[in-house]
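Q: I have the model open and want to go through a few spots. Can you take them as I ask?

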Amino acid sequence: MDIVLVTTIIASLFLVIGVAEPLAARLRLPYSVILAVLGVMIGVGALFLLRTDLTDALNPVAEAILGLPIRSNVFLYVFLPTLLFQATLGMNLRRMLDDWVPILVLAVVAVVVATLSVGYALSWASALPLAACLLVGAIVSTTDPSAVVTIFRSISAPRRLARIIEGESLLNDAAAIALFGLFMGFVMLGIPDPDLPEALARFPVLIAGGAFTGWFVARLAVWLMAQFGRHELAQISISVALPYLAYIGAEQSIGASGVIAVVAAGLTLNLTGPGRLPPQAWANLRELWDVLAHWAGALIFILAALLIPRLLEGVRFEDFALIGVVIIAAIAARAIILFALLPAMAALKLSPTVERPYRVAILWGGLRGAVTLSLALAVTESFRVPDGIQRIVGILATGFTLFTLIVQGTTLRWVIGKLGLDRLSSIDEALSRQVVAVALQTVREEVARTSENYELSRETVRSEAKRFGERLDTAVKSAEDSADILDRDRITLGLIALAGQERDTILARVRERTISARMAEQVLSDADRLIEGARSQGRSGYNRAARRSVTYGREFRIAVALNSRLRLSGPLARITADRFERLLSQRLILRDLGTFIDGRIRRIHGLRVADLLHELLARRIEMVETALEGLRLQYPGYAEELERRFIRRTALRLEEREYATMREDGLIGAEVYTALMQDLDARRAAAEGRPQLDIVLQRAELIRQFPFFAEIDEAGLKRLGRALKTKYVNAGEVILRKDSPAKRVFFIASGAVELEIAGQTWRLGRGEMFGQMAILLKRLRRAEVRAITPTTLLVLDEVRFRRLLDRSNTLRDAVLESAEKRGIRPEEFVQGEKA
């Protein structure tokens, strides 16, 4: 084949890709539908040119188009890894991990239900062997959520819902392709009725093997990329190789799922890459993969659509009945998931509540596309699959794909309109008015500054200022005097705007490199939770998300258990250091938000709403300060090291800005600027490193701060340090319940607790203890103890506490003083102790 002709055809395909996106926007149709239609038109046109007697001049072009090396392996080994890998890089994993239960359950269960529904329906309606029917079910169970997700984003659907759909679809494709490989093996071996339980039992092995391979290869790639810190192109090149090596390694080396390997590799790079690569390198890597995935996704649709005329050759009238069976069974399977499983999971608090209109839109938006056609093509190409099965699999998969694209794809936006999902809610309309008013205020300030700088004509400036002022007054009045906005909604709008500004501030700090890219992922996730919480539940949702950002999470508790039970301090040291840096970053960001409330929100929503937001912001700052102070007390000196790191980063950023200004003003040449930047990059690389946190050494310092232990010598402190156990509790968590047996004494290292006894309450803070009275009086606990802030406790068992009490006069005096405050006579106390 002439290389010039092939190059021309490929270049023309990219031209088609460039035209398809604006055409889809103009026609208000899904992008994938336009690509498929264009691909079919190109394929039909090429066949027409070859078979017509009108002209032979274009025969070489038609032959070149139909002779393109379009094989299933091209889709599965070239395009598919690109799409899956980019999808994982584009996800906000920390937010998706919040919903890992519904994503995983929906993905795996949806694939299995769809495969079984379609497979057994076809087996009942046709003479095909069960293995072939289940193979068809696996092929058509893959979904393309891009159309419905794009529309959901355009109509301000809940972000959490869009994330669940994206995550479910990614794992859905991976699980479906793994099942496809399983049933394809049965068909090629000539096993008509496989043992279904045995077949499904092999499914987890395929997934586990692929996941391990992808994780392992990605860890090696990240390590190698980190070694090339100053060579951005080398790092990006390694990332390009990663998904293909993971896919081939899993498929060819250990016989596991290559698709799962690619997904695992992408997830691993997404989680570890921001902390190991320079921020600009990570941003450029993401941008490159966005472009590659855009091209791959478009090419896979066009090239797969070229095959549709070939796959539909030899279609018979009775085949349309089987296509109808596949359509009904697939839609019914999806309906079971959306209208039975999803509400059940919402009732169990494992998934957000999805309103019925959204579920209908998801049901109708379950389009199929290039992946389905690629898998069907793999069946038709296999010489080990009987011809009859090849033909029917190709026709059924292609017919079902065409139905979803032509019927569902073209009517999806109409269905969403009928469901009323394309109309803004009252709070979103109010939000749009707020945005207009705030934006116009900013524009007025900028225009006034520009007019003054350029010394424009006063008459012209005055005339335009009057005209603009009238528009601004109208916008502000519309935002302030909306009769349909309640005070509660005004507060919600203010909170959404405040959380949005917090997110923008984080991004600005990341660009300035005062916040590390690794930490940015965490604080951005916190900001997203604030936005979603305010949108869905107003002030209570915002406060709940704010409390969550400072509480001890599940990962932290696991690290504590590993440290206390297995003496593995590494995970706890890393997570504690992360918590230190995260709280410092939050404190820096929150202190910048007060100006935004006074400058923007107050002008739109009035003084009362602004004062309330100031109060909420002050509470958040207090929560962060309390949590940070607790860490300072536990690990003295470490917070200061992180603050020094922040100052060094800020100084480097300012120094870089000065060099850039001098370069732009012509004060220094390119050679001098390059030398200065190389030196600055070297110092920045040194400043990026986070100081190490030694849990063991810091623990000894913590114990020394308690006055109870002042009399104990160094050897005794070491023994006490080994005996004391650390317990972390969140605000509101019950530490001790009334009438529980007395077995331990608690020393407050940081935070505060509240004791409730017989209707009376006492508050205890850092350096105090509780739980000793019930032990020394030999009775059940009479108090309920609850943490009122995130609190760190040191816990000592009864036997060791009694030994310590015998040796420490300071501790004994503190116990007697505490007993006296609570009305317990010393004589009774002594008798209890002797007993």
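Q: What stands opposite Ala787 in β7?
A: Val753 does. This is a predicted model, where local features need pLDDT of at least 70, side-chain atom pairs count only at pLDDT 80 or more, and totals for chains, interfaces and linings use all residues. Residues are numbered from 1 along each chain as its sequence is written, and side-chain values use heavy atoms, with hydrogens and water left out.

Q: How many bridges join β4 to β7?
A: Four, between β4 (residues 753-757) and β7, running antiparallel. Two strands pair if DSSP finds at least two bridges between them; strands are DSSP E runs of at least two residues, helices H or I runs of at least four, both numbered from the N terminus.

Q: And which way does β2 pair with β7?
A: Antiparallel, over two bridges. Val734 stands opposite Arg786 there.

Q: Which residues of β7 are on the covered face?
A: Val785 and Ala787; Glu784 and Arg786 are on the uncovered one. In a regular strand the side chains alternate between the two faces of the sheet.

Q: Switching to Leu299: buried or exposed?
A: Buried, at a relative accessible area of 12% (buried is under 20%, exposed over 50%, partly exposed in between, with a 1.4 Å probe and protein chains only). Leu299 is in helix α13 (residues 279-306).

Q: What does Leu299 contact, beyond neighbours within four places in sequence?
A: Leu13, Phe14, Ile17, Phe79 and Ala304, contact being heavy atoms within 4.5 Å. The C-alpha atoms of Leu299 and Ile17 are separated by 7.8 Å, though the two residues are 282 apart along the chain.
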